[in-house]
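Hi,

Here's the structure I promised to pass on.

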Amino acid sequence: MDRERNLEAQRRFVAEKQGQGLKRVVLWARPEDVGALKEIAGQPHAVAQHLAELRARIERELAPQIRAEVAGKLRRMTERAMLVQRRAEGRQRPLEANRPPEYIRFTHKPPSATRERLKAAGWLYDPVAALWHLPDDPALWEATEALLAALAPFPYLALSKPHADAP
């Protein structure tokens with residue numbers, strides 16, 4: 001008889017909850033989570049507290065791993081970009097392989113005839129730096145090569161930067 005009364009009470013309870021628009025759910029949980037689920041079910045505002053705890057735990061446990069992954073990915077992307085840039089620069093170098101040096105500096109003052117030939121070929125002299133600057137016009141470079149070959153008896157430094165020790 002008690003059993004039937006309990007079943008009847010349970011049916012009334014289920015009907016009342018269905019009347020309120022609620023649905024019965026069966027939930028499986030780990031034993032360590034049962035207390036938290038009961039607290040959440042009993043006090044909906046506890047969800048916010050648990051959410052904050054979960055966010056803090058995620059930040060504490062996963063953030064270092066995520067930061068390491070992002071740093072690794074950024075490093076790989078940077079290394080790849082640097083490699084692509086080096087390859088592009090490498091491809092450009094052979095195109096300028098025929099280009100004469102940007103500057104030349106004589107170890108001793110060349111004769112005036114040599115200086116006049118340089119000026120006629122379009123080279124500009126900088127008396128402060130004691131450098132001869134390559135003409136900007138590539139059309140003059142072919143004549144410059146012949147001129148540089150003729151300058152072989154006069155020792156000079158071929159520079160790509162104004163100062164031999166500049167980076």
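A quick definition before the surface: a nonpolar patch here is made of residues with over 30% relative accessible area and no salt bridge, with nonpolar side chains joined within 5 Å. Also bear in mind that this is a predicted model.

With that in hand, there is a nonpolar surface patch of about 440 Å², made by Leu 54, Ile 58, Leu 62, Ile 66 and Val 70. Val 70 sits in helix H3, which runs over residues 46–92. Its relative accessibility is 52%, so Val 70 counts as exposed, the cut-off for that being over 50%.

Next, helix H5 (residues 141–150). Which of its residues are buried? They are Trp 141, Thr 144, Leu 147 and Leu 148. What do they pack against? Their partners are strand S1 (103–106), helix H4 (112–120) and strand S4 (156–159). On the face of H5 turned away from the buried side you'll find the exposed residues Glu 142, Ala 146 and Ala 149.

Last, the aromatics: the structure has one aromatic pair. The ring centres of Tyr 125 and Trp 132 are 4.8 Å apart and the planes meet at 45 degrees, so the pair is tilted. As for cover, Trp 132 is buried, at 3% relative accessible area, while Tyr 125 counts as partly exposed because its relative accessibility is 42%.

Cheers

Notes: Residues numbered from 1 in each chain as written. Predicted model: local features only at pLDDT ≥ 70, side-chain atom pairs only at ≥ 80, totals over all residues. Heavy atoms only, no water. Phe/Tyr/Trp six-rings, centres within 6.5 Å; stacked < 30°, edge-to-face > 60°. Buried < 20%, exposed > 50% of the residue type's maximum accessible area, 1.4 Å probe, protein only. Helix = DSSP H or I, 4+ residues; strand = E, 2+ residues; numbered from the N terminus. Contact = heavy atoms within 4.5 Å. Patch = residues over 30% accessible without salt bridge, like charges linked within 9 Å, V, L, I, M, F, W, Y side chains within 5 Å. Areas by Shrake-Rupley, 256 points an atom, 1.4 Å probe, with all protein chains shown as cover. Salt bridge = Lys/Arg side-chain N within 4 Å of Asp/Glu carboxyl O.
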